[in-house]
Amino acid sequence: MATTTDNAAQLIFAPNVLHNQALTSVKFLSSCFAGAVAGILGLENWLGFALFIASIVSTSFIIYAINCRGKPAKYLAGGLGELVNPGQDNIFTFILVWTLFYGIIHVYD
């Protein structure tokens, strides 16, 4: 007899789960571009992190509306939580690119 976890696992379409690597790539590129924008604009402290949060929320909304068609649980194992979660590696990528571009552009300020 199947348990409740087996039933939940059967509801997830395997090719969609395998395609989640594209979601990770989109989030990574969004973090890179947000870090570059924060560095070029010279944002410091909480303003830079606010830009990061705004980029994650806007990217998640676009994926939610266009790619998931309003039903993220159908395409993602974690549902909306996985869609909005930026991931630790993306936060570090944002900070790395932010400081890189800030140092390149604003070296003599």
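Biologist: How many aromatic pairs does a search of the whole structure find?
Modeller: This is a predicted model. Ring pairs link Trp46, Phe49, Phe52, Phe94 and Trp98 into a cluster. The search of the whole structure gives a total of five aromatic pairs.

Biologist: Are the rings of Phe49 and Trp98 stacked or edge-to-face?
Modeller: Their centres lie 5.2 Å apart. Planes over 60 degrees apart count as edge-to-face. The planes of Phe49 and Trp98 stand at 90 degrees, so the pair is edge-to-face.

Biologist: How many residues apart are Phe49 and Trp98?
Modeller: Phe49 sits in helix α4 and Trp98 in helix α7. The pair links distant parts of the chain. The separation is 49 residues.

Biologist: What kind of pair do the rings of Phe94 and Trp98 form?
Modeller: The ring centres are 5.2 Å apart. Planes under 30 degrees apart count as stacked and over 60 as edge-to-face. The planes of Phe94 and Trp98 are at 40 degrees, so the pair is tilted.

Biologist: Which helix holds both Phe94 and Trp98?
Modeller: Phe94 is buried, with a relative accessible area of 0%. Phe94 and Trp98 are four residues apart, about one turn of the helix. Both lie in helix α7.

Biologist: Which residues does Ser31 touch, not counting residues up to four places away in sequence?
Modeller: Ser31 lies in helix α3. At 0% relative accessibility, Ser31 is buried. Leaving out residues up to four places away, Ser31 touches Phe52, Ile56, Asn90 and Phe94.

Biologist: Is Asn90 buried or exposed?
Modeller: Asn90 belongs to helix α7. Beyond four places in sequence, Asn90 contacts Lys27, Phe28, Ser31 and Phe52. The cut-off for buried is under 20%. Asn90 has a relative accessible area of 3%, so Asn90 is buried.

Biologist: What is the phi of Asn45?
Modeller: Most residues other than glycine have a negative phi. Asn45 is in the loop between α3 and α4, and is exposed at 58% relative accessible area. Asn45 is not a glycine, yet its phi is positive, at about 55 degrees.

Biologist: Which element has the highest mean pLDDT?
Modeller: The protein averages a pLDDT of 83, and 83% of the residues score at least 70. Helix α1, residues 4-10, has the lowest mean among the elements, 59. The highest mean, 94, belongs to helix α7.

Notes:
Residues numbered from 1 in each chain as written. Predicted model: local features only at pLDDT ≥ 70, side-chain atom pairs only at ≥ 80, totals over all residues. Heavy atoms only, no water. pLDDT = per-residue confidence, 0-100. Helix = DSSP H or I, 4+ residues; strand = E, 2+ residues; numbered from the N terminus. Buried < 20%, exposed > 50% of the residue type's maximum accessible area, 1.4 Å probe, protein only. Contact = heavy atoms within 4.5 Å. Phe/Tyr/Trp six-rings, centres within 6.5 Å; stacked < 30°, edge-to-face > 60°.
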